[in-house]
Structure formats: structure tokens, C-alpha cells
Amino acid sequence: MNNFISFQIHGGGDHGGGIADTVASLLAFVETLFDKEPMDIFASIMPGLAHMENIHPLLVHFPIAFLSVFFVLDLAGTWAKKEQWRKVASFMLYFGALGAALTVAAGLLAANSVAHGGDVHDIMERHKYLGLSVLALALVLSIWRLKSGAVIQGAANTLFLLLAALMCGLMAMGADLGGLMVYQHGVAVEAVLLPEGGHQHDHAGEHQHEHEHEHEHEHEHEHEHEHEHEHEHEHEHEHEHEHAGDHQHEHGHDQPMHVH
């Protein structure tokens with residue numbers, strides 16, 4: 001137990017430093033902030049956001065999270081007849097609708113500022129209309145929920161959940177097209193050239209090391225097993241030899257004596 005706690009605090013082996021090194025690195029980073037200008041401090045704390053041409057990639061996660069949780073929680077609350085779950089789901093819907101509005105607004109601004117070709121433009125148009133559809137459904141569901149004054153029941157709730165499922169499906173399709181533009185076509189992504197002698201993560205080497213370690217462990221286990229097997233075999237051989245000697249001795253005593 002003490003070794004485990006020591007490892008977690010100080011680290012060791014191939015896993016690098018522990019909590020102590022992490023805290024030391026954090027304190028060293030905070031110390032460097034005191035010598036910088038306010039804008040440089042912001043760039044140091046939020047380097048990704050500081051280099052963004054627009055905040056659409058940052059905002060898009062919020063409606064996806066809120067609206068997804070809303071649908072799952074509302075559906076589960078309906079099935080389990082948990083009214084409290086559905087009330088919590090309502091707040092997820094409201095936050096999701098607000099996030100969708102901000103995300104769509106940032107996306108419309110980004111579409112006019114990000115350089116892209118004709119093939120990407122078609123994808124971007126579909127992505128835009130899917131985002132607008134998600135926003136429209138989120139607003140309709142939010143207004144419906146607010147005007148009902150309580151959790152919707154009966155056939156109306158079935159229609160409500162179907163629209164919520166449609167909203168989540170369109171949201172997934174829009175997210176897929178957004179990922180396609182970024183990871184396949186490199187929209188708003190600057191190419192990074194790896195300098196000579198730059199750092200690369202050699203995960204293959206780590207896996208090879210782990211594989212060799214496991215192979216060595218298996219070899220040792222097999223060697224121990226063979227050694228035990230040979231020991232048992234020798235023990236059985238000695239036992240059979242002793243048994244044969246006893247049998248021969250008994251046979252010698254059983255033979256009759258001849259008198260000449």
C-alpha cells in the first residue's frame with residue numbers, strides 16, 4: 001500500500017512523474033504568468049482559443065451535450081415515470097437551445113470568413129441547414145415545454161419525443177459533416193510542418209516493449225512449469241524404482257529353499 005501511494009505521488013518507471021511533478025509544473029507555469037501582458041496571459045492559458053479565427057468550434061460542443069442529455073433523460077423519465085427526471089431534462093433543453101442559437105450565429109459568421117473550395121462549400125451548406133433545423137426544433141420544443149406549464153403527457157408527449165429524436169438525429173448528421181470538413185478537407189486548419197529532429201510519440205515502441213515484457217513473463221512461467229513437471233517426473237521415476245526394488249525383494253523371500 002505504501003509503495004502504491006509513493007508511486008502515485010512521486011511517479012516512477014515508464015509512467016513519468018506523479019502528483020508531485022504535476023503540482024511543480026503547475027506552479028512553475030503560474031509563476032511565468034506574472035511577467036506577461038494581459039493578452040499574453042490569455043494566450044498562455046487558452047492557446048487554442050487565442051489562435052481561433054472564430055469561436056464556432058468551441059461553442060458547438062455545448063448544444064450537442066445539453067440536447068443529448070435532454071433527450072436521454074426525458075425518454076428515461078417517461079419510461080420510468082419519473083417526473084423529476086423530466087423536469088431536469090427541461091433545463092437541459094433550454095440550455096441546449098441557447099447554445100444552439102449561439103453556435104449557429106458563430107457558424108454563419110465563420111462561413112463568410114473561412115476560405116474553402118467548391119466541394120467544401122456544398123458540405124458547408126448542408127451543415128448550415130442541418131444546424132438551422134436543429135435550432136428550430138430546439139426552440140419549438142422549448143416553447144412547447146414552457147407553454148405546457150408542466151410535463152407533457154399522453155399522445156402529445158409521444159409526438160414531443162419523436163421531434164426530440166429527430167432533432168438529435170439531425171444534430172448527429174450536422175456534427176458528422178463538421179468533422180468531415182475539418183479532418184478530411186482541413187477547413188480552418190493550418191498545416192504544421194514537423195521540424196527536423198522534432199518530437200514524435202513512438203507508441204509502437206511502447207507496445208513492443210509491453211509485448212516483450214509479456215513474452216518474457218510467459219517464458220518464465222513456462223520454464224517454471226517445465227521445471228515442476230521434470231521434478232514431478234523424477235519423483236515418480238524414483239518412486240517406481242523403489243517400488244520395483246521392494247517387489248523384487250519380496251519375490252526373493254517367497255522363493256522356496258532347495259535342500260541338497
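This is a predicted model: local features need pLDDT of at least 70, side-chain atom pairs count only at pLDDT 80 or more; totals for chains, interfaces and linings use all residues.

Student: How many helices and strands does the protein have?

Tutor: Helices and strands are DSSP runs numbered from the N terminus (helices: H or I, at least four residues; strands: E, at least two). Here there are 10 helices and zero strands. Of the 260 residues, 20% count as buried; buried means under 20% relative accessible area, exposed over 50%, and partly exposed in between, with a 1.4 Å probe and protein chains only.

Student: At what angle do the axes of α6 and α7 cross?

Tutor: Two packed helices are described by the angle between their axes and the distance between the axes. The axes are lines fitted to C-alpha atoms, for helices over the stretch in contact, and angles run from 0 to 180 degrees between N-to-C directions. In this model the axes of α6 and α7 come within 8 Å and cross at roughly 155°. Their crossing is left-handed, meaning that the near helix is turned anticlockwise from the far one by less than a right angle; clockwise would be right-handed.

Student: Which residues of α6 and α7 meet?

Tutor: A contact requires heavy atoms within 4.5 Å. The residues that α6 contributes include F66, F70, L73 and D74, and those of α7 include W85, R86, M92 and L93.

Student: Where does K81 lie?

Tutor: K81 is in the loop between α6 and α7, and it is exposed, with a relative accessible area of 76%. Most residues other than glycine have a negative phi. K81, by contrast, has a positive phi, near 60°.

Student: How many salt bridges does the count give?

Tutor: Side chains of opposite charge can pair when their charged atoms come close. The rule asks for a side-chain nitrogen of Lys or Arg within 4 Å of a carboxyl oxygen of Asp or Glu. By this rule there are four salt bridges. One of them joins R145 to D74, with the closest N and O atoms 2.6 Å apart. Because R145 lies in helix α8 (residues 118-148) and D74 in helix α6 (residues 61-80), this pair ties together parts that are 71 residues apart in sequence.

Student: Is R145 buried or exposed?

Tutor: R145 is buried, at 4% relative accessible area.

Student: What joins the side chains of E83 and K87?

Tutor: They meet in a salt bridge of 3.8 Å, N to O. Both residues lie in helix α7 (residues 83-111), four residues apart, about one turn of the helix. E83 is partly exposed at 45%, and K87 is partly exposed at 39%.

A further pair is E125 with K128, at 3.4 Å from N to O. These two are three residues apart in helix α8, so about one helical turn separates them. E125 is partly exposed at 22%, as is K128 at 26%.

Student: Which residues do salt bridges that share partners join into one network?

Tutor: D74, R86 and R145 are joined in this way. R86 belongs to helix α7 and is buried at 3% relative accessibility.

Student: What polar contact does the side chain of R86 make with I152?

Tutor: A polar contact is a pair of N or O atoms within 3.5 Å; within protein, one must be able to donate a hydrogen and the other to accept it, and residues adjacent in sequence count only if both atoms are side-chain atoms. A polar atom of the R86 side chain lies 2.9 Å from the backbone oxygen of I152. R145 has a side-chain polar contact of 3.1 Å with S90. Setting aside residues up to four places away in sequence, R145 touches residues including F70, L93, Y94 and F160.

Terms used: Residues are numbered from 1 along each chain as its sequence is written. Side-chain values use heavy atoms; hydrogens and water are left out.
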